Amino acid sequence: MSEYYFDGKGKAFRPIIVALMARACNIHHNNSRHVQASQRTIALIAEMIHTASLVHDDVIDDASSRRGKHTVNKIWGEKKAVLAGDLILSAASIALARIGNTTVISILTQVIEDLVRGEFLQLGSKENENERFAHYLEKTFKKTASLIANSCKAVSVLGCPDPVVHEIAYQYGKNVGIAFQLIDDVLDFTSCSDQMGKPTSADLKLGLATGPVLFACQQFPEMNAMIMRRFSLPGDVDRARQYVLQSDGVQQTTYLAQQYCHEAIREISKLRPSPERDALIQLSEIVLTREK
């Protein structure tokens, strides 16, 4: 069960960012192209923490498909799926402990706390419209960006003693991570299920108001009532989807993602030039144009 998602079919977005960041920081620090074994391990741990969170999220959301196949909970049941997620997390914890760096342990343990707090934020909702967007961005940071930001920071700590570089790595990961999730939320409206490997309008069906909905709500205030009742009445999901597509919610969310990507590029450009640094710049642009 724990091996089920490690089939090489995911995008491997997180390990790729982490591996590139390791090289970019090492080259910046002492012109070394060598990636330490401990840095490579961080890339593995990042993907393991991410995958454990997918297994658990699918239980919480009662999801039936992921990456184009049935979810662990649909095949083996919820109880076993919870335990499988725990096992993946324990394997990640053992790998993390073996690195033997207490700073790195604290950095990545923070991620696990953020994932839990982010899921709790997603379970609650804000009545006040102004608070709602801040709540959404905080949830997005905790559920998605924290893992990327802190994994980038962890490899920079292992490769370079300069706290300025640690902050650059963190800020790059944070901004790319938020942009990545904003685009994910856009794709829930613009992409078809076949491309995504998971059902679309999934967020609305879960009662979640993401960026495109919150922007659309500024143009169509009648969506407020639907947001408050979490799209629970018959026809709510379809009506909300139509409102979003009639509004410029998708464009505004994409524009916001672009701003986060530009900030990521601004940060990573502070490192000395290298093919890996340039790849990280390119990657932040690919985040905006991806279709799955």
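**Note on helix packing and selected residues**

1. Asn73 touches Asp58, Val59, Asp62, Ala63, Glu78 and Ala81, when residues up to four places away in sequence are not counted. The model discussed here is predicted. Asn73 itself is found in helix 3, which covers residues 72-76.

2. Two polar contacts involve the side chain of Asn73. A polar atom of this side chain lies 2.9 Å from the backbone oxygen of Ala63. The side chain of Asn73 also reaches the backbone oxygen of Asp58, at 3.3 Å. Asn73 has a relative accessibility of 6%, so it counts as buried, the cut-off for that class being under 20%.

3. Helix 2 (residues 37-61) and helix 4 form a pair whose axes come within 9 Å and cross at roughly 165°. The two helices, helix 2 and helix 4, are therefore roughly antiparallel to each other, since angles over 145 degrees are placed in that class. The crossing of helix 2 and helix 4 is left-handed.

4. The residues that helix 2 brings to its meeting with helix 4 include Ser38, Thr41, Ile42, Ile45, Met48, Ile49 and Val59. From helix 4, the residues taking part include Glu78, Ala81, Val82, Gly85, Ala95, Leu96 and Ile99. Glu78 and Ala81 are also among the residues that Asn73 touches, as is Val59.

5. Leaving aside neighbours within four places in sequence, Ala95 is in contact with Thr41 and Ile45. Ala95 and Ile45 are 50 residues apart along the chain, and their C-alpha atoms are separated by 7.1 Å.

6. A second pair consists of helix 6 (residues 129-159) and helix 10 (residues 211-219), whose axes come within 10 Å and cross at roughly 160°. That angle makes helix 6 roughly antiparallel to helix 10. The contact is made by Glu129, Arg132, Phe133 and Tyr136 of helix 6, together with Gly211, Leu214, Phe215 and Cys217 of helix 10. Helix 6 passes helix 10 in a left-handed crossing.

7. Helix 7 (residues 163-190) has 28 residues. From its first C-alpha to its last, helix 7 reaches 40 Å, close to the 40 Å expected at 1.5 Å a residue. At the start of helix 7, a side-chain oxygen of Asp162 reaches to within 2.9 Å of the backbone nitrogen of Val164.

Notes. Residues numbered from 1 in each chain as written. Predicted model: local features only at pLDDT ≥ 70, side-chain atom pairs only at ≥ 80, totals over all residues. Heavy atoms only, no water. Helix = DSSP H or I, 4+ residues; strand = E, 2+ residues; numbered from the N terminus. Expected span 1.5 Å × (residues − 1). Polar contact = N/O pair within 3.5 Å; in protein donor to acceptor, adjacent residues only side chain to side chain. Axes fitted to C-alpha atoms, helices over the stretch in contact; angles between N-to-C directions. Parallel < 35°, antiparallel > 145°, perpendicular 65-115°, else oblique. Left-handed = near helix turned anticlockwise from the far one by under 90°. Contact = heavy atoms within 4.5 Å. Buried < 20%, exposed > 50% of the residue type's maximum accessible area, 1.4 Å probe, protein only.
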